Amino acid sequence: MEPANAGAAVFAVVRRDLLLAARRKSEVLTVLFFFVIVASLFPLGIGAEPALLRSIAPGVLWVGALLASMLALNRMFAQDYADGTLEQMALSPQPFALMTAGKIAAHWLVSGLPLVLVAPVLGLQFDLDQRALGVLMLSLLMGTPLLSLVGAIGAALTLGVRGSGLLVSLLTLPLYIPALVFGAGSVEAEISGLGAGANLSLLAALLVLALFFAPWATAAALRIALE
Amino acid sequence: MLQATGLSCARGERELFAGVGFSLPAGAWLHVTGNNGAGKTSLLRMLCGLSPPAAGSISWNGEPIRELGDSYRAELCYLGHQTPLKEDLTASENLRAAAAIKGRVLDTAAIARALERVELGGIAELPVRYLSQGQKRRVGLAQMTMTGEPLWVLDEPLAALDAAAVALFTQAMAQHLASGGIAVLTGHHEFALPLDTRQHLRIAA
């Protein structure tokens, strides 16, 4: 037996959570199917008017992705809290914030990345061209981790609280709005020919900010929940 | 050496206990008893640093555990009344993840040995979901002996264990104490452990 570094502990957390997700596929698929269904119902309901579909596409796809990722938020720490493994993580000599970051990363890989990958297929239903699809994917690639990071703070704050499902939505929705505005805005700007650069830069700045602060805030909230 | 002075615990307006103190030198163990709801688990969680005491201080080798932080946690093994296991993972996957989270890398052979010691060798590759309560406790026992921390804080370690597992626990415990380890245990049973190093703490409101 040899002592490992913090990196190995974080890697172990990610690995364990991915293994768990592989054993309980239904939870992963719920999020993905929700996104697919929401995004597919709009073209069916509105009818085949390419111009209209193109103009609502950024908003609909982004709102769909946002709601889908919110669906998975509750589960981020609840199971670990219930079975006592969260306590063990808090009692580890490795930095708790880093392990929290590992949990958030695993959560994104399971419930955020699939949304990014399926988004271009859904975008086709809205008659988006190739460039717009590219921007949509890029904006979601930066936006979904941002949603996971911000959502983690809300999930940690409401951990162990009754009716946390509703509470976590109320807490995180206002914080999700910048991501929605810049994310959907980038696709819209690309379609209208303005160029997505400004919106994507702002989204990237938000992501960097959240990457830096969210794990610490989440870890602090989890420690309070464990008291 | 684990030392506590003047610990008190409050849950909302209600005070659970006050003025609790003890001093455990290397090789000593503390048996915490008290009625249901007296605050045994709360005391243990304080000793781990999970929750801050309302008053009083806890120190490890002369330094307050708040200041020691990570270096205190590196020496501590805590098992709550529920064994911290992932139901969908196998016993060996659970042990590997638990050790890695504590910052240790265990090879497959070390994990197999730890499970063999608690007589679970045959079902090491079965999801923990299919194990009985007592078998899960045994996995917890393997987890506790596997990484070799000098301080064990165990909440109801004998709950759900059968006679054979109690013997395994007692043996592991005796070994731990003989090698200079310290332990804090709760439980309504008597432990078959050396009485000369035993300290008893009864907490009551």
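**Notebook: a helix pair, a chain contact and a hairpin**

I began with helix H1 (residues 6–23) of chain A and helix H6 (residues 96–111) of chain A, whose axes come within 8 Å and cross at roughly 35°. The axes are lines fitted to C-alpha atoms over the stretch in contact, with angles from 0 to 180 degrees between N-to-C directions. Helices are DSSP runs of H or I with at least four residues, and strands are E runs of at least two, numbered from the N terminus.

I note for myself that this is a predicted model, where local features need pLDDT of at least 70 and side-chain atom pairs count only at pLDDT 80 or more, while totals for chains, interfaces and linings use all residues. Residues are numbered from 1 along each chain as its sequence is written, and chains are lettered from A and ligands numbered from 1 in the order in which they are written.

Next I looked up which residues meet. Among them are A:Ala9, A:Val13 and A:Asp17 in H1(A), and A:Leu98, A:Gly102 and A:Lys103 in H6(A). Contact here asks for C-beta atoms, placed from the backbone, within 7 Å. The residues of this contact divide into 14 nonpolar, one polar and two charged.

Then I turned to the contact between the chains, which takes 27 residues from chain A and 26 residues from chain B. On the side of chain A, H1(A) gives the most, with eight residues.

B:Ala4 has B:Phe22 in E2(B) as its bridge partner. In this hairpin, with two residues between the strands, B:Gly12 takes a positive phi near 65°.

Technical notes. Two residues are in contact if their C-beta atoms, placed from the backbone, lie within 7 Å. Ala, Val, Leu, Ile, Met, Phe, Trp, Tyr, Cys and Pro count as nonpolar, Asp, Glu, Lys and Arg as charged, and the others, Gly among them, as polar. Two strands pair if DSSP finds at least two bridges between them.
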